[in-house]
Amino acid sequence: MTNADEVYTVATGRLTVAPSFGAVGDVRSLARRTLDAIEAVLEGRATSATAEYEINGRRLRYIPLT
């Protein structure tokens, strides 16, 4: 806390912010989303839309794993 030019420490410790279960959107971490996407491809659950797409003349095509 501060009072003009004086600064005081009131408390120290750790604070953990948990996601709200009522929040809209995907609350998984980037690592979890990436791992889930890789596992979906390996298990053959990926949709056909993720197999190939083109944006502004650039094409991306995933090579299926045998």
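Quick housekeeping. It's a predicted model, so local features need pLDDT of at least 70 and side-chain atom pairs count only at pLDDT 80 or more, while totals for chains, interfaces and linings use all residues. Residues are numbered from 1 along each chain as its sequence is written, and side-chain values use heavy atoms, with hydrogens and water left out.

Now, burial. Of the 66 residues, 2% count as buried; buried means under 20% relative accessible area, exposed over 50%, and partly exposed in between, with a 1.4 Å probe and protein chains only. The accessible surface of the chain is about 6700 Å², and 57% of that belongs to carbon and sulfur atoms. Those areas come from Shrake-Rupley with a 1.4 Å probe, with only the protein chains shown counting as cover for residues.

On to the helix. Helix 1 covers residues 30–42, and its 13 residues should span 18 Å at 1.5 Å a residue; the end C-alpha atoms are 18 Å apart, so that agrees. The expected span here is 1.5 Å times one less than the number of residues. After helix 1 comes Gly44, with a positive phi near 75°.

So what about salt bridges? The structure holds three, each being a side-chain nitrogen of Lys or Arg within 4 Å of a carboxyl oxygen of Asp or Glu. Asp26 meets Arg28 at 2.5 Å, N to O. Arg28 also forms one with Asp36, with the closest N and O atoms 2.5 Å apart. Then Asp36 meets Arg32 at 3.2 Å; that pair sits in helix 1, four residues apart, about one turn of the helix. Shared partners join Asp26, Arg28, Arg32 and Asp36 into one network.

Most residues other than glycine have a negative phi. Ala4, though, has a positive phi of about 60°. Ala4 lies in the loop between strand 1 (2–3) and strand 2 (6–7), and is exposed at 73%. Asn56 has a positive phi too, about 50°. You'll find Asn56 in the loop between strand 3 (52–55) and strand 4 (58–61), exposed at 79%.

Conventions:
Helices (H or I, at least four residues) and strands (E, at least two) are DSSP runs, numbered from the N terminus.
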